[in-house]
Amino acid sequence: MATAAIFSSLRRRRSPSLEAFLSPVDLSGLPLVQTLAAISTEIISSFSGTRFSFQRRNARSLIRKIEIFLVLFESLAESRWGSTPSSSSYSSSSSSSSTALLCLKELYLLLYRSKILLDYCAHSSKLWLLLQTQSISGYFHDLNQEISTLLDVFPVNDLGLSDDVREQIELLQSQSRRSRLYIDSSDESLRRTFYTFLDGFEHGEIPNTLALRSFFVEKLGIKDSKSCGSEIEFLEEQIANHDGDVEPTGSVINGFVAITRYCRFLLFGFEEEWRIKNNNPKKKSKGDGNDGFITVPKDFVCPISLDLMTDPVIISTGQTYDRTSIARWIEEGHCTCPKTGQMLVDSRIVPNRALKNLIVQWCAASGVSYESEFVTDSPTNEGFVSGLPTKAAVEANKATVSILIEYLADGSEAAQTVAAREIRLLAKTGKENREFIAEAGAIPHLRRLLNSENAVAQENSVTAMLNLSIYEKNKSRIMEEEDCLEAIVSVLVSGLTVEAQENAAATLFSLSAVHEYKKRIAMADQCVEALASLLQNGTPRGKKDAVTALYNLSTHPENCSRMIEGGGVSSLVGALKNEGVAEEAAGALALLVRQSLGAEAIGKEESAVTGLMGMMRCGTPRGKENAVAALLELCRRGGAAVAERVLRAPAIAGVLQTLLFTGTKRARRKAASLARVFQRREHAAMRAGGYGFVGDVNGNRDGGNFTTDVSVPMSISISVPVL
């Protein structure tokens, strides 16, 4: 039967109703006949006037068959077949009446499957229907075979039908027996043409523009940029949810997506059907007031970004997040669900269409603008693809990039904004794209847009720079571009949108992965100050970007004084109270405290010791490790007063004892060292004539620098082996 195949192909559209799977057990007789007549009428009225782009003959044939069935149902309804037991007189026997009932129930299922298939052909992507020409023709043939089988056992002569109705049913039966698989020759010719374009790109030959225009515009009727974008979105959904047994393969579909994207800009340019606005409606620029503030329902808010979700997706734990946020979470190496902490079975994400529709409806009802043009990293351009990109996809993307860069260089403001966005999205999809985008000369033009007064253009350009910087060779290209670093820092300091500032911080983090760039980045005017401010006042995502950038900068020993002067140390100490960034903050402090200057500055922060102790008690395993390492170095290098504050910390003995047995290897080693320092000082104080704290806080040997009247017994048993 065709049911499984149909539903497999329809899985990315709307969910079928339950009636498509189950026969109507509670319907029989006249109510069943009336229901069948109603379904048939709905199908005929919905699709008889539809202009099918493909499968025209198969669709018309199926609709004509349903029209004949409608005649049958109306005739049975007029005769009130099955309404009372006496109505069985229309049948030659009770067995024929029972057979008729079973056949009518099968017709109920067949009509629903026909409705789904016709709806699929009427409303699906034209390119996908073209690629699936042979399979969909097979679905129509399967339905014809089912009709033929059903009519072979249908007791048409025992229902008291009029001669003309009976003759129509018998004619339909005869036609169904003779039906053969029909594949429209014009549809198949177009499908082969599409594959010819793919083959051309595979061999490094860009198809003729006139041929592409004839194919997309004249033959397929794709006449504007918006329609072309919808085609791309549908195809990429097929890639993201490819089952592996459906032809064509994900890699081949990826090639068709690249070709369609190329044609989108080649044939329709940038401004047709595109309306670029100066501000992203889902964000507020700096200085915006609270006029028109609307409370967003909590179910529509991403648990990671705390923003309204524009593209909600479901992960393996069943939780829903915005696609951009969860994709970034996974790319950062996390393997747990941010909300529940459960391990992710896999990294697949599935669009939550139902929730997205509710969000769109809420936006419309609340007067909030929700436009797909501003959905950053939408599924249309998401890099979740099956299989490696083919040579055809790479070559088509290269051709697209050449067009984008032309518009970046000489296009209008709107065209430049769109071009930057497309480069941003292409740069998300793999190393090959990042490499040839930079080689084609995109970085200088993106650098210029960083200073744009158009908020969307600025955000797209800095995010494109971020995506490009992931490729190692591009880091040097960005850093060597004149004034590019300064422009990125400028966006971090005074970007027009919050996301632009956050992505600027993330770009600096990416660039600072190269050791020789760390000092240069830290020395850039206002860089550390802006990162510190973002860590203190940013969104959860912004704080994460800022703390990771500060951590990277802290790994360079010559950046210590700059971190102190720019407020980086103070912001890192304050971040110890924030669970989302405390681990990285403690790690950065553990690096800075290795230098006497850093230890002194951290020691002057009133909440430093308290914050690090809190991390030792309640932090993550890595956070506890960083905290105890920082406290150890504070005692060694921070001076006697700081060491005393560490010693005074409540329950430090118990915390160290716990770490000695439950911490990571490094945490146990650091905890053992810290315990030894305290024991030596305690013993020195006792030898001096009483309880106290005496010692050289700058080394491991007892020195007797100062005493106090603080009595702190430190009888910690150190049985952990040296690691």
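Where is the place of Asp 483?

Guide: Asp 483 sits in the loop between α19 (472-480) and α20 (484-494). Helices are DSSP runs of H or I with at least four residues, strands are runs of E with at least two, and both are numbered from the N terminus. This is a predicted model, in which local features need a pLDDT of at least 70 and side-chain atom pairs count only at pLDDT 80 or more, while totals for chains, interfaces and linings use all residues. Residues are numbered from 1 along each chain as its sequence is written, and side-chain values use heavy atoms, with hydrogens and water left out.

The phi angle of Asp 483 is near 65 degrees, which is a positive value in a residue other than glycine. Asp 483 counts as partly exposed because its relative accessibility is 45%; buried means under 20% relative accessible area, exposed means over 50%, and partly exposed is in between, using a 1.4 Å probe and protein chains only. Gln 526 also has a positive phi, of about 70 degrees, although it is not a glycine. Gln 526 belongs to the loop between α22 (515-523) and α23. With a relative accessible area of 36%, Gln 526 is partly exposed.

Helix α23 (residues 527-537) and helix α21 (residues 498-511) have axes that come within 11 Å and cross at roughly 120 degrees. Here axes are lines fitted to C-alpha atoms, for helices over the stretch in contact, and angles run from 0 to 180 degrees between N-to-C directions. The two helices, α21 and α23, are therefore oblique to each other: angles under 35 degrees count as roughly parallel, over 145 as roughly antiparallel, 65 to 115 as roughly perpendicular, and the rest as oblique. The crossing of α21 and α23 is left-handed, a term used if the near helix is turned anticlockwise from the far one by less than a right angle, whereas clockwise is right-handed. From α21, the contact is made by Gln 501, Glu 502, Ala 505 and Leu 508, and from α23 by Cys 527, Leu 531 and Leu 534; contact means heavy atoms within 4.5 Å. These residues divide into five nonpolar, one polar and one charged. In that sorting, Ala, Val, Leu, Ile, Met, Phe, Trp, Tyr, Cys and Pro are nonpolar, Asp, Glu, Lys and Arg are charged, and the others, Gly among them, are polar.

α23 also packs with helix α24 (residues 540-554), at an angle of about 140 degrees and with the axes 8 Å apart. α23 and α24 are therefore oblique to each other. The crossing of α23 past α24 is left-handed. On the α23 side, Val 528, Leu 531, Ala 532, Leu 534, Leu 535, Gln 536 and Asn 537 take part, and they meet Gly 542, Lys 543, Ala 546, Val 547, Ala 549, Leu 550 and Leu 553 of α24. By type, the residues of this contact are 10 nonpolar, three polar and one charged.

In α12 (residues 323-331), seven of the nine residues are buried, so the helix is mostly covered. The buried ones are Arg 323, Thr 324, Ser 325, Ile 326, Ala 327, Arg 328 and Trp 329. They pack against β1 (312-314), β2 (320-322), β3 (350-351), α18, α21 and α24.

Asn 460 is buried, with a relative accessible area of 3%. Apart from neighbours within four places in sequence, Asn 460 is in contact with Thr 417, Ala 420, Arg 421 and Arg 424.

As for the setting, the protein has 33 helices and three strands. Of its 723 residues, 54% are buried. Among contacts between residues at least 6 apart in sequence, 72% join residues at least 24 apart.
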